[in-house]
Amino acid sequence: MYDTGSTAFMLVCAMLVLLMTPGLAFFYGGLSRRKNVVNTMIMVFSAIGIVAITWTICGWSLAYGGDGSSPFFGGFDQLGFLGGVTDMLAEAEAVPEDATYPTIINFIFQMAFCMITTAIITGSLAGRMKFGAVCAFVALWTIVVYPPLAHMVWGGDGSLIGDTIGALDFAGGDVVHISSGLTGLILCLMLGKRKGFGMMSYRPHNVPFVALGAALLWFGWFGFNAGSEFVADGVAGLALINTVVASGAALVSWMIVERVKVGKPTLVGAATGLVAGLVVITPAAGFVEPWAAIIMGLIVSPICYFAISFCKAKIGYDDALDAFGCHAVGGIVGGICTGIFCVPELSWTDFGGLLYTGDVSLLCSQIAGIAITIVFVGILDVVLAFIVKACFKGSLRVSEEKEAQGLDIAAHGESAYPAYIGLD
């Protein structure tokens with residue numbers, strides 16, 4: 001029989017991860033401008049619907065199907081999840097020796113990962129990208145980019161990043177955060193800056209929405225990280241503890257940075273720091289001790305704050321809600337820290353962290369894995385963006401009139417606040 005405790009644990013974790021995407025809608029919606037809040041939130045919600053279809057049809061198979069012989073993608077044997085239910089019924093009669101819960105639970109757990117990853121991308125696009133173009137890009141991205149990357153990192157024996165290179169990614173530093181943040185950066189560069197960017201201040205229109213969204217993300221992240229152990233054991237508990245302490249340390253660190261830089265800590269800053277801490281611990285959650293998680297949380301906030309407040313202004317890219325500055329940058333920091341702080345006994349490979357072993361092998365593998373992720377995702381993003389652009393009359397961007405009016409009314413015909421129509 002399956003382990004009923006681990007089966008129940010994974011079902012709960014899957015539901016927690018599913019909660020994260022609606023939570024992100026509130027987080028992004030609160031950060032956006034009043035006239036674009038509906039558009040911002042519906043872009044996140046669209047990821048739920050699109051991924052539900054693409055993951056079932058081919059995403060699962062491309063990520064985790066096949067016989068494991070390819071280092072780059074799974075296979076085509078599970079297209080449409082064909083055989084999935086049959087396999088589940090067969091497993092019920094003769095449970096595989098190493099299985100603790102039915103495969104079908106992993107199907108929905110991994111689908112939820114793809115949903116939140118895809119939704120993160122939309123934060124860079126707020127206020128100026130055609131909604132149809134967003135949906136088209138998301139549909140292609142969840143077929144061409146995410147499943148192969150998930151296989152390369154988590155595909156087991158023979159996978160390029162996880163096995164051949166030996167990089168560790170407990171719950172998605174490469175697969176989730178670097179991939180989504182980098183994709184957001186590439187798309188916002190291709191879209192160009194919002195009208196008035198650099199000349200006017202874009203302030204969050206609803207701070208309580210931001211706090212609510214961060215709280216839902218924080219809660220769902222416990223399933224995200226602890227569930228990535230795939231069994232209810234001590235390592236899952238360690239991942240949960242590390243998630244709490246890293247996010248808490250990053251929250252405190254962000255408030256300190258704000259106090260030093262602008263004189264006052266803010267709720268938006270605290271919520272952003274909380275998310276940055278969640279991001280940085282994701283690749284390391286089951287590999288490091290809690291004291292190391294605290295250090296990771298303390299250092300990630302100043303780095304992400306610098307990327308958001310200085311680099312974005314200096315370089316001039318318009319990452320509207322800072323998907324790149326928080327997720328990609330935080331994911332890179334977390335991946336590198338994994339190579340430093342990984343406890344050798346917890347490593348999935350023969351190598352432990354630099355701090356424990358004095359050996360740079362794991363750190364080099366971490367950097368190599370991050371580099372391959374950036375190159376793979378970056379190239380395919382550009383190709384897919386040009387394909388979608390060609391399908392939408394050579395432009396990914398709405399007209400100046402629609403941008404000025406606000407995409408809530410222009411693209412969706414509704415407003416979050418009807419009394420404020422025409423106002424920003």
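Search the whole structure for salt bridges and you get three. Keep in mind that this is a predicted model, so every distance here belongs to that model. Side chains of opposite charge can pair when their charged atoms come close.

Start with Arg194 and Asp318, whose side chains meet in a salt bridge at 2.8 Å, N to O. Arg194 sits in the loop between helix 8 (173-191) and helix 9 (207-226), while Asp318 sits in the loop between helix 12 and helix 13 (323-341), so the pair ties together parts that are 124 residues apart in sequence. Arg194 counts as buried because its relative accessibility is 11%, and Asp318 counts as buried too, at 2%.

Next up are Asp322 and Lys312, which meet in a salt bridge at 2.7 Å, N to O. Here Asp322 lies in the loop between helix 12 and helix 13 and Lys312 in helix 12, so this pair ties together parts that are ten residues apart in sequence. With a relative accessible area of 17%, Asp322 is buried; Lys312, at 12%, counts as buried as well.

That leaves Arg397 and Glu403, with side chains that meet in a salt bridge at 2.9 Å, N to O. Arg397 has 18% relative accessibility, so it counts as buried under the 20% cut-off. Glu403 is buried with a relative accessible area of 10%.

Now for the nonpolar side of things. In soluble globular proteins, nonpolar side chains tend to be buried together. The largest nonpolar core in this model has 118 residues, and the members that touch the most other members are Leu24, Phe27, Tyr28, Trp55, Tyr146 and Phe224. As for where the core draws its residues, helix 4 (residues 103-121) gives the most, with twelve.

Tyr28 is a handy place to look around from. Once you leave aside its neighbours within four places in sequence, Tyr28 is in contact with Thr40, Val44, Ala119, Ile120, Thr122, Gly123, Leu321, Ala323 and His327.

Helix 12 (290-315) and helix 14 (354-357) each supply at least two of the patch residues, and helix 12 has the largest share, with six. Leu298, for one, is found in helix 12. Its relative accessible area is 40%, so Leu298 is partly exposed.

Finally, the cysteines. A disulfide is a covalent bond between the sulfur atoms of two cysteines. How many disulfides does the structure hold? It holds zero. Cys304 is in no disulfide, and the nearest cysteine sulfur, that of Cys326, is 5.3 Å away. A disulfide needs the two sulfur atoms within 2.5 Å, so that 5.3 Å separation rules the pair out. Cys304 has 0% relative accessibility, so it counts as buried. Cys364 is in no disulfide either, with the nearest cysteine sulfur, that of Cys342, 14 Å away. At 44% relative accessibility, Cys364 counts as partly exposed.

Technical notes
Residues numbered from 1 in each chain as written. Predicted model: local features only at pLDDT ≥ 70, side-chain atom pairs only at ≥ 80, totals over all residues. Heavy atoms only, no water. Helix = DSSP H or I, 4+ residues; strand = E, 2+ residues; numbered from the N terminus. Buried < 20%, exposed > 50% of the residue type's maximum accessible area, 1.4 Å probe, protein only. Core = buried A, V, L, I, M, F, W, Y, C linked by side-chain atoms within 4.5 Å. Contact = heavy atoms within 4.5 Å. Salt bridge = Lys/Arg side-chain N within 4 Å of Asp/Glu carboxyl O.
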